[in-house]
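Subject: Handover of a structure

Dear colleague,

Please find below the structure that I am handing over to you. My notes on what was found in it follow directly after it.

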Amino acid sequence: MFLYLLGLVVLFYLFRWARELPRVGDKASKYVYITGCDSGFGNLLARHLDKIGFRVIAGCLTEKGEEGLKKACSANLITTHLDVTSKESLAKVAAMIKDKVGERGLWAVVNNAGVAVPSGPCDWHTLDDYKFMLDVNLNGVIGVTLSVLPLIKKARGRVVNVASVFGRICVTGGPYPVSKFGVEAFNDSLRFTLAPFGVKVLCIEPGFFKTNVTDSEIHIKNIQTLWDRLPQDVKEDYGVEYIHKSKEVTKEKVSQMSDGDLMKVVSCMEHAVSAAWPRKRYSPGWDAKFFWLPLSYMPTCVVDYLFLKNAIPIAKKLQ
Ligand SMILES: NC(=O)c1ccc[n+]([C@@H]2O[C@H](COP(=O)([O-])OP(=O)(O)OC[C@H]3O[C@@H](n4cnc5c(N)ncnc54)[C@H](OP(=O)(O)O)[C@@H]3O)[C@@H](O)[C@H]2O)c1
């Protein structure tokens with residue numbers, strides 16, 4: 001019985017491996033629009049897709065980002081200024097893309113741009129903090145997608161959305177997981193809507209990787225900024241030890257947990273763009289596969305117990 005089951009598992013993985021090998025042809029005529037190419041995954045993906053022959057349109061927030069990419073890539077790669085929170089910016093880039101791709105349409109858009117701060121306990125945030133992050137991480141994804149959807153439909157192309165393990169499970173406060181759960185919901189609703197048009201919608205859910213999003217210096221600075229502006233009564237609830245401990249944990253754990261091999265994520269993005277039969281969801285990173293995803297299927301009480309047991313203690317204990 002055990003051998004029979006093992007055989008089935010082996011057969012399943014063999015079948016999946018073979019099915020995932022074939023790639024789409026004629027890369028040189030396929031345009032791929034990527035957001036957030038100044039740094040991190042977006043930057044590496046732009047370079048990688050350019051190298052293997054796709055026509056890359058790289059959206060960068062800064063001039064420095066555009067210049068760096070131009071120097072590192074072939075003349076085929078197009079860079080453009082893109083702020084995903086600006087309607088004008090989205091429309092301008094979409095018009096440029098329409099002009100470039102013509103009747104072929106746009107093969108793929110990769111919604112990668114994102115921010116990870118401000119991030120802290122929920123009651124350390126203002127509504128504006130939430131609005132700011134949702135504007136980039138969620139409305140940005142929706143806005144970019146809608147701005148080029150007719151071109152994607154024309155090409156019977158793909159939408160690749162970068163969510164996170166924190167779009168599957170939420171064990172931190174602040175707007176980041178809220179935005180990523182939103183990306184997951186948009187991804188799934190879009191997948192159903194666009195399936196009849198032959199458009200594929202794929203989701204990338206990375207674990208922790210070494211980029212600006214997990215940079216402990218940035219997070220420590222962010223914790224201090226949030227703390228400094230808190231009203232006195234909230235500071236007393238948490239206690240000054242809390243902020244010291246938060247910084248310590250951020251410094252030790254975040255860098256320890258983050259994987260330096262960004263190609264693990266970029267290979268998944270490339271597969272979503274170029275495979276004849278891409279996966280609906282990708283979970284790059286050992287932590288995503290063996291910790292966060294399995295945990296997301298656990299009962300809520302188990303997850304709460306595990307994380308509250310190890311949470312940083314607050315000053316004001318319940319009577
Ligand atoms: N690293 C991880 O562990 C991890 C895990 C799960 C999911 N993710 C997700 O992966 C995606 C890429 O992040 P990353 O880790 O590669 O970090 P990153 O290096 O900070 O990349 C994010 C990119 O988005 C750009 N960006 C920020 N605001 C923007 C805006 N308003 N308009 C256009 N672009 C904007 C940033 O530009 P500037 O550099 O100029 O600010 C940067 O190029 C994000 O969606 C992130 O949430 C990351």
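**Notes on the structure**

Helix H2 (residues 40–51) gives the shell around the ligand its largest share, three residues. Helices (H or I, at least four residues) and strands (E, at least two) are DSSP runs, numbered from the N terminus. Please note that this is a predicted model, in which local features need pLDDT of at least 70, side-chain atom pairs count only at pLDDT 80 or more, and totals for chains, interfaces and linings use all residues. Residues are numbered from 1 along each chain as its sequence is written.

The shell around the ligand holds 28 residues, and Gly 36, Asp 38, Gly 40, Gly 114 and Thr 211 come nearest; a residue is near a molecule if its C-beta atom, placed from the backbone, lies within 6 Å of it. By class, the shell has twelve nonpolar, 14 polar and two charged residues. Here Ala, Val, Leu, Ile, Met, Phe, Trp, Tyr, Cys and Pro count as nonpolar, Asp, Glu, Lys and Arg as charged, and the others, Gly among them, as polar.

The protein chain is assigned a domain 1 (26–209 + 261–309) and a domain 2 (212–258), with bounds that come from an automatic or database domain assignment. Each of these domains supplies at least three residues to the shell around the ligand. Their C-alpha centres lie 27 Å apart. In domain 1, 13 residues are in contact with twelve residues of domain 2, where contact means that the C-beta atoms, placed from the backbone, lie within 7 Å. The side of domain 1 that touches domain 2 has six nonpolar, five polar and two charged residues.

**The nonpolar core**

The largest nonpolar core has 71 residues, of which Val 32, Leu 106, Val 148, Ile 204 and Met 269 touch the most other members. Such a core is a set of buried Ala, Val, Leu, Ile, Met, Phe, Trp, Tyr and Cys residues joined through C-beta atoms within 7 Å. Helix H5 (residues 127–155) provides the largest share of this core, nine residues. Not counting residues up to four places away in sequence, Leu 106 touches several residues, including Val 148, Leu 151 and Ile 152.

**Individual residues**

Is Arg 158 buried or exposed? Arg 158 counts as buried because it has 24 C-beta neighbours inside 10 Å; a residue is buried if 20 or more other C-beta atoms, placed from the backbone, lie within 10 Å of its own, exposed if 12 or fewer, and partly exposed in between. Arg 158 is found in strand E5 (residues 158–162). Among the residues that Arg 158 touches, leaving out those up to four places away in sequence, are Trp 107, Ala 108 and Val 199.

Lys 98, in helix H4 (residues 87–101), has 16 other C-beta atoms within 10 Å and is therefore partly exposed. Lys 98 and Pro 150 are 52 residues apart in sequence, yet 9.5 Å apart in space, C-alpha to C-alpha.

Pro 118, in the loop between strand E4 (108–111) and H5, is joined to Val 117 by a cis peptide bond, with omega about 10 degrees. Arg 156, in the loop between H5 and E5, has a positive phi of about 45 degrees although it is not a glycine. Asp 26 likewise has a positive phi, near 50 degrees, and counts as exposed, with 9 C-beta neighbours inside 10 Å.

Yours sincerely

Notes: Two residues are in contact if their C-beta atoms, placed from the backbone, lie within 7 Å.
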